[in-house]
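Biologist: I'm new to reading models like this one. Could we go through it together?

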Amino acid sequence: MADPISPTAPEKNAADMPHLWLPYSQMQTAPFPVEATRTQGSRITLADGRELTDGVAAWWTACHGYNHPHLQQALIHQAATMPHVMFGGMVHAPARTLAARLAALLPGDLERVFFTDSGSVAMEVALKMAVQFHINSGTHGRTRMLSFRGGYHGDTLGMMSICDPEEGMHSLFAGVFPEQILADLPLDEQSTADLDALLAERGSEIAAVITEPLVQGAGGMLFHAPEVLQTLRALCDRHGILLIVDEIFTGFGRTGTMFACEKAGIVPDIVALSKALTGGTMALAATVARRHVFEKFLSDDADRALMHGPTFMANPLACAVANASLDLFEQEPRLEQVAAIEDQLRRELAPCRAIPGVRDVRVMGAIGVVELDKIEDADALRRAFVDRGTWVRPFRRIVYLTPAFTITTEELSTLTGAIVDILKARA
């Protein structure tokens, strides 16, 4: 039996660590990772005894902080009752309740919930729904997707085909996936006219337009105004194309409203949810369709059904903890906490504007971004944050914060202070 992984082991890089293959890492050169042993609130305890203030909430998922007792109790109760059961030909109360609650929270008639277990798969299902919607409607040839530069929607093959190929994560796979259509977001009059013309020219090929609402997350935390979503809704309606909104990152309060599309007052045809759906506790995702989309799948013909069904679809443990997470949004002042975080981020990141090499500072809800001209050594910058007692993960050319909504003002100041001081020292 190999020795347990230890952060004090003599390995020089991640490749020397036994057995594990880490995400988004060149294992030959990536530093040996720190090892977490315990979490609480917005704190992560490491195996060597150090404690880090978490600035990214476990890849944007732990909106209530770690180890919230209400979520824990939901898991314990469900584990003792029924941890899992197949969802083929059988349903259960946690899923029925969660679907009804999501339908009530989402705008308009987004009311049919298809559960999966990851954001990428939820988006894969959205694409399948869109293509089959047109087939079931008697319209053939609408098999392509239109997505936007700067966008990211996951790492499965279908999702890689609609991500911006220039963002670097999937460039090696050019020519592998189906050809899709990439465009610029309609941010002004000219780009809106260009998109309208593109949809007019190629609309007969396009099943859906896909966008991240308000924030393109992994593309570099790029913000756009709610009016962009209104423009997309109007263009999709004009050209008979479905609008898919990827709320995997933005959903559940991150931008200041429960769902980002609320700020634009629009109803997408299909929305994908994940990440904070369970408060960062269990893997769960959902693809939610409007009534007119769902109705195109109703028929005496079995071939018109949506043929998809993950093994752990609607896992009762995950559904139970997702219901508990929604309880907390009802019982605790989450959106007010997000507003307070937004105010604090604006104040405390503002000094970064005066630091040489800083290109932009922007804040929306519980998202704070410092964009640099470049980051030459991301691993060294990440180590500097760990040495400062913080867990901040710069990528591309940004340093960002997406903390738990329950973070204290002191903890948030620890994070913003580390960003200001470290960037000043490296200027």
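This is a predicted model: local features need pLDDT of at least 70, side-chain atom pairs count only at pLDDT 80 or more; totals for chains, interfaces and linings use all residues.

Biologist: Let's start with α3 and α9. At what angle do their axes cross?

Modeller: Helices here are DSSP runs (H or I, at least four residues; strands are E, at least two), numbered from the N terminus. Axes are lines fitted to C-alpha atoms, for helices over the stretch in contact, with angles from 0 to 180 degrees between N-to-C directions. Helix α3 covers residues 93-105 and helix α9 residues 316-331; their axes come within 9 Å and cross at roughly 40°.

Biologist: So how are α3 and α9 oriented to each other?

Modeller: Angles under 35 degrees count as roughly parallel, over 145 as roughly antiparallel, 65 to 115 as roughly perpendicular and the rest as oblique. With a crossing of roughly 40°, α3 and α9 are therefore oblique.

Biologist: Is the crossing of α3 and α9 left-handed or right-handed?

Modeller: Picture the near helix against the far one: turned anticlockwise by less than a right angle is left-handed, clockwise is right-handed. The crossing of α3 and α9 is left-handed.

Biologist: How many residues of the contact of α3 with α9 are nonpolar?

Modeller: Contact means heavy atoms within 4.5 Å. On the α3 side the residues include Leu98, Leu102 and Leu105, and on the α9 side they include Ala320, Ala322 and Leu326. By class (Ala, Val, Leu, Ile, Met, Phe, Trp, Tyr, Cys and Pro are nonpolar, Asp, Glu, Lys and Arg charged, and the others, Gly among them, polar), the contact has two polar and three charged residues, and the nonpolar ones number ten.

Biologist: Leucine 102 is in α3. Is leucine 102 buried or exposed?

Modeller: Buried means under 20% relative accessible area, exposed over 50%, and partly exposed in between (1.4 Å probe, protein chains only). Not counting residues up to four places away in sequence, leucine 102 touches several residues, among them Val113, Phe115, Phe252 and Leu326. Its relative accessibility is 0%, so leucine 102 counts as buried.

Biologist: How far are the C-alpha atoms of leucine 102 and leucine 326 separated?

Modeller: Leucine 326 is one of the residues that leucine 102 touches. Along the chain the two leucines are 224 residues apart, but their C-alpha atoms are separated by 8.9 Å.

Biologist: Which helix does tryptophan 60, with its positive phi, lie in?

Modeller: Tryptophan 60 isn't a glycine either, and its phi is about 75°. At a relative accessible area of 10%, tryptophan 60 is buried. It lies in residues 57-60, helix α1.

Biologist: Next, α4. How far apart are its end C-alpha atoms?

Modeller: The expected span of a helix is 1.5 Å times one less than its number of residues. Helix α4 (residues 119-136) has 18 residues, so it should span 26 Å, and this agrees with its end C-alpha atoms, which are apart by 25 Å.

Biologist: And how many of the residues of α4 are buried?

Modeller: Alanine 130 lies in α4 and is buried, because its relative accessible area is 0%. Leaving aside neighbours within four places in sequence, its contacts include Met145, Ala207 and Ile244. α4 is mostly covered, and of its 18 residues the number buried is 15.

Biologist: Which residue just after α4 takes a positive phi?

Modeller: Helix α4 ends at residue 136. Just after α4, a positive phi of about 90° is taken by glycine 138.

Biologist: Last one: how are α6 and α7 oriented to each other?

Modeller: Helix α6 (residues 189-202) and helix α7 (residues 226-239) have their axes 10 Å apart and pack at about 25°. Their crossing is right-handed, and among the residues that meet are Leu195 and Leu199 in α6 and Leu232 and Leu235 in α7. The angle of about 25° is under the cut-off, so α6 and α7 are roughly parallel.

Key. Residues are numbered from 1 along each chain as its sequence is written. Side-chain values use heavy atoms; hydrogens and water are left out.
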